[in-house]
Every structure is written in C-alpha cells, then in structure tokens.
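Here are some notes to read alongside the model. Please keep the sequence and the structure open while going through the points.

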Amino acid sequence: MTKRLDLRVDFAFKSLFGTHGNESILAAFLNAALRFPNEKKIQTVQLLDPHFNKENQEDKRSILDVHAQLEDGSRVNIEIQLNNKHDMEKRTLYYWSKMYSSQMKEGMDYGELCKTITINIVNFRYLSHIHDYHSTFQLYEREQKLLLTDMLEIHFMELPKLLIKWRNREVDPREDQLVRWLLLLEASEDEEITQVLEEIAMQEDQVLKKAMDEWERVSQDPEVLLAYEARRKALLDEKSALKRAEKLGEERGEKKGIQKVALGMIQEGIDSKMISKLTGLTIEDVEKLRYQ
C-alpha cells in the first residue's frame with residue numbers, strides 16, 4: 001500500500017478538507033464537530049478565500065487553513081497545529097476577529113453579521129486542566145453563566161487526548177463520527193486505526209470512503225508530494241527551533257535562579273571562592289555580581 005500523507009500536516013489537511021470538489025467531506029466533518037441536530041445538519045458548504053489581505057501596511061497578513069461559509073451565513077475556520085507555539089489563545093482570537101470583521105461591508109448593518117466559528121485541531125496537549133479531547137468556548141457572564149451571544153464559538157480538539165481514549169477503548173469511531181474523523185488524521189501512523197476506518201467506510205459511511213479514496217489519490221500525486229515534503233520539512237525545522245528556544249529559556253531561567261542564590265550568599269558575607277564552589281559559577285561571575 002502507498003504511504004499516505006500525514007493529515008496532521010496542514011498542507012495535507014487542506015488538500016483533503018479544503019479543496020474544491022471535497023465540500024461533502026468538509027460538511028461531514030463540520031456536522032460531526034459542531035454537533036448540529038438532524039434538522040440543522042449542514043448540506044452544503046462554500047469554500048472561501050483563506051487569505052486576508054492587509055488593510056494597512058503594518059497589518060499582519062493572515063492565511064487560514066480552511067475557511068468556509070455555511071448555508072446560514074456562518075463563517076468557519078479550521079486550523080491544524082502540529083507544533084505548540086504557546087500563542088494559541090491570541091492567535092485564535094486574532095483569526096476569529098479577522099473573519100468576523102471581514103464580513104462588514106459599506107452600508108451594512110451590524111445585525112447582518114453572522115456567527116463565526118474557529119476550530120483548532122492540535123497535535124499536542126494544550127488544555128491541561130480539561131480531561132476531554134474536545135472543548136468549546138463561548139462568551140458567558142462570569143457569575144450567572146449566561147450566554148452573551150452565540151456569535152463567537154471556539155473549539156479545541158486535542159489529538160493526544162483522543163489517542164489515549166482510543167487506546168483505552170473509551171471512544172468508538174463506529175458510534176461517534178467526530179472520533180471517526182479525528183482518528184483519520186492519525187491513521188497514517190497507525191495500521192489498526194486505518195483498518196477500523198476502512199471497515200466503517202465500506203460498511204456504512206460513504207463520505208468517509210470518499211475521503212479515504214481521495215486521501216489515497218493525493219498521496220500518489222507527484223506535485224502534491226513535492227509540496228507536502230517541503231511543508232513537512234519546514235514544520236520539522238520549526239519544531240527543532242521551538243525546542244532549542246525552550247531549552248535556551250530553561251537554561252536562562254536556571255542561570256537566573258543560581259545568580260539570585262549567589263546574590264543572597266554575597267549579602268550574607270560569604271566569600272567568592274565558596275560561592276563559586278556551591279553554585280557552580282566562576283569566581284569571575286561571582287565578582288561581577290558582587291560589584292554590579
């Protein structure tokens with residue numbers, strides 16, 4: 001069998017869920033993710049331009065992974081993140097605000113603005129205080145827990161948490177369609193998941209079958225593979241850079257702590273040689289601290 005693209009890589013994800021002709025695949029995922037009742041199930045979605053142009057020279061140009069409009073006018077952005085850049089809340093609010101404000105046209109009334117939804121699929125544990133893999137945030141009054149408006153909706157879907165539940169047999173893709181679609185993103189690395197999803201696709205889920213067939217097809221497309229490998233390498237380089245930055249931050253934090261201890265020793269009148277021996281700092285560094 002051909003090695004399939006890792007759908008956790010944003011380029012591969014967009015190739016399957018954000019490409020014209022695959023709207024039925026995106027609609028099925030959104031129906032599972034947003035838990036619409038049967039009478040409000042999404043029938044069609046319209047893919048929108050994922051680029052937000054700068055309004056001013058100083059603005060940051062934004063590119064969304066998958067940007068779509070639902071039948072009722074609601075806007076949806078799906079972002080998939082392989083690496084934790086530790087900026088998800090601010091990044092999410094920024095993208096949400098760009099989507100929401102971009103609806104406003106000259107002469108338009110505020111009442112015409114439509115609900116705006118952001119879905120973040122992350123390949124790392126992000127919300128450590130929440131046990132579930134799928135979390136939904138809206139605007140509530142703090143004390144009374146009253147919903148101010150349903151115009152803002154932000155979802156986080158954490159793949160590592162889902163995998164733990166899958167391995168513990170706490171979730172079943174045959175019974176839960178969101179589990180089904182999220183496990184698809186992990187299938188390139190797990191033969192058991194692939195086999196289970198193929199069985200579901202053949203037996204009961206025609207849209208999942210279409211998704212898996214399309215996934216197979218794009219995984220053999222030379223042009224797609226070339227762009228995919230370039231993007232995957234960039235993400236691996238980004239991951240290495242983030243790890244280096246984290247390590248450097250830890251080292252700086254540790255050094256700062258040691259210097260604080262050394263300063264305390266200096267204030268207690270301990271000589272530089274003994275401070276150097278106890279802290280691991282050079283005598284020269286201790287002397288610099290003494291006379292700074």
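1. Arginine 169 lies over the face of tryptophan 166, 4.7 Å from the ring centre. A charge counts as over a ring if NZ of Lys or CZ of Arg is within 6 Å of the ring centre and within 35 degrees of the ring normal. Arginine 4 is placed over the face of tryptophan 215 at 4.8 Å from the ring centre.

2. On the source: this is a predicted model, in which local features need pLDDT of at least 70 and side-chain atom pairs count only at pLDDT 80 or more, while totals for chains, interfaces and linings use all residues. Residues are numbered from 1 along each chain as its sequence is written, and side-chain values use heavy atoms, with hydrogens and water left out.

3. The whole structure holds 8 aromatic pairs. Rings of Phe, Tyr and Trp (its six-membered ring) pair if their centres lie within 6.5 Å; planes under 30 degrees apart are stacked, over 60 edge-to-face, and the rest tilted. Phenylalanine 17 and phenylalanine 29 have ring centres 5.8 Å apart and planes at 65°, so this pair is edge-to-face. It links distant parts of the chain, 12 residues apart: phenylalanine 17 is in helix α1 (residues 10-17) and phenylalanine 29 in helix α2 (residues 23-34). Helices (H or I, at least four residues) and strands (E, at least two) are DSSP runs, numbered from the N terminus.

4. Both phenylalanine 17 and phenylalanine 29 are buried, where buried means under 20% relative accessible area, exposed over 50%, and partly exposed in between (1.4 Å probe, protein chains only). Ring pairs join Phe13, Phe17, Phe29 and Trp181 in a cluster.

5. How is strand β5 (residues 75-81) placed in the structure? Of its 7 residues, 7 are buried, so β5 is largely enclosed by the rest of the structure. Arg75, Asn77, Glu79 and Gln81 point one way from β5, while Val76, Ile78 and Ile80 point the other way.

6. Strand β4 (residues 66-69) runs antiparallel to β5, joined by 4 bridges; two strands pair if DSSP finds at least two bridges between them. Histidine 67 is opposite asparagine 77 of β5. The two strands form a hairpin with 5 residues between them, and glycine 73 in the turn has a positive phi of about 95°.

7. Strand β6 (residues 116-122) pairs with β5 in the parallel sense over 7 bridges. Isoleucine 78 has isoleucine 119 as its bridge partner in β6.
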